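Please examine the structure shown here. The paragraphs that follow consider a pair of charged residues and then a strand with its neighbours.

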Amino acid sequence: MADETSIFIGASRKPDDSYQRAEELLLRYGNRHGLVTGATGTGKTVSLQILAEGFANAGVPVFCADIKGDLSGIAMMGEVKDFLVKRAEQVKLDPYQFQEFPVIFWDLFGEQGNPIRATISEMGPLLLSRLMNLTEAQEGVMNIAFRIADEEGLLLLDLKDLQALLANIAERADELSARYGNVTKPSVGAIQRTLLVLESQGAANFFGEPALRIADIMRTTRDGRGAISVLAADKLMMNPRLYATFLLWLMSELFEELPEVGDLDRPKLVFFFDEAHLLFEDAPKVLIDRVEQVVRLIRSKGVGVYFVTQNPLDIPEKVLAQLGNRVQHALRAYTPREQQAVRTAAETFRPNPDFDCATAITQLATGEALVSMLEDKGVPAMVQRTLIRPPSSRLGPITPDERRKIIAESPVAGQYDEAVDRESAFEMLQKKTKEAQDAEAQAKQQNSGGSRWTIPGFDDVSGTSGRRSSNRQTVAEAAIKSVVRSVGSSVGRAIVRGILGSLARGR
């Protein structure tokens, strides 16, 4: 494992733009979380890339989302380019060495990486309600559904399990309303329709087994480097609510599964949440409170969470206060909201008397940022205008062939490829329904006195009306018609009809 105690971010500049000092993130404060912000095209992805490289080289596993595909280049050796070499000289990065990093590609749809799945029960009613944008009444029904599943031993693993349970709840609405409060069929129906929409958007690929094992995103290599898990999110961004819900679920799982470790000399895992505004957009207060709680407490589990977004106003104030390491790229200030964002960003930094922070934010060049990392005793450093170092891995995306090769050689290759459909709520409820139908059929048979021999048209009657249970011709009727046809004269036919008709009426 690398023995470094810090990650080199870049070099700060004096007012005359000359070299001042190296800016570094101390690994022992890597679990104090962080924030990378800036407008599109200002260098946020490169900042994320060099942070991920630094943590990996220090033996810290990393999980990050690749929104545009650019971050996939971290899996390949960097290439010599004039502007990269020049930047390395400006920040005094000597030697500037190129590297490829151990990467595991993941994809909720299983197309550009190893499949990722979670079970319905692991997701829980709160996150599912957020994912489905349910009303308060519908969320109440969802909570009741999970309660019933627990009480009746019904495993909720995939979408069809939840759909079957909701159908069962609709059938028992009156009974359940008396026990749990109002359970209406319209609410259940609305949830079912939303599940169909999720299914059409590919969510069925995500829910099921084998579920992701947290240990598989916390791997290290034999040479002591941390593996970098890269989530392919370009297609996932077509359903941003699923993206945000998945990443929040992953944070919650880490929080619940990992033991308390306190402050270590370096984190056990670092989690980068790109496009972080999607997590908080239109989120109810209970969800924001949950995020704030997880961010605040997960530090003691040795996990660092770094939010990457365009605007610092995207992050609620309670969460923003937990983010100690800051990298602020350029912001534009053309509208009142953008001007407010600049002021907010400037006010979160420890001031530097050498320049006005708010003015500097609007003047930063691409690949330049205001940087403030935690120093000794966890105190934020004075903000510095900093040139960000160049990455050691490839700058830009990898090719499809390179991706396929890396996926095939992945340490988890084959472990998640095939979905497993074991007996769960869907099968159990089907079995209960069949048993109930069989019992009902048996009861009907017993109530009717059991099976007996009958003569069609004579014995096969229902109730006291004497009507046949079928419109088909009886044996007696056939016999009558046969005799009638055998009598030649019309008088003879009339006599026979009269005799046989009286016999039939006397049954």
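E111 has 52% relative accessibility and therefore counts as exposed, where exposed means over 50% relative accessible area, buried under 20%, and partly exposed in between (1.4 Å probe, protein chains only). This is a predicted model, in which local features need pLDDT of at least 70 and side-chain atom pairs count only at pLDDT 80 or more, while totals for chains, interfaces and linings use all residues. Residues are numbered from 1 along each chain as its sequence is written, and side-chain values use heavy atoms, with hydrogens and water left out.

The partner of E111 in a salt bridge (a side-chain nitrogen of Lys or Arg within 4 Å of a carboxyl oxygen of Asp or Glu) is K235, and their closest N and O atoms lie 2.9 Å apart. The two residues are 124 residues apart and link distant parts of the chain: E111 belongs to the loop between strand 5 and strand 6, K235 to the loop between strand 7 and helix 9 (240-257). Helices (H or I, at least four residues) and strands (E, at least two) are DSSP runs, numbered from the N terminus. K235 counts as partly exposed because its relative accessibility is 39%.

Strand 5 (residues 103-107) is mostly covered, with five of its five residues buried. On one side these are V103, F105 and D107, and on the other I104 and W106.

Strands pair if DSSP finds at least two bridges between them. Strand 5 runs parallel to strand 7 (residues 228-232), joined by four bridges, and V103 has I228 as its bridge partner there. Two bridges also pair strand 5 with strand 6 (residues 114-115) in the parallel sense; here N114 is the bridge partner of W106.
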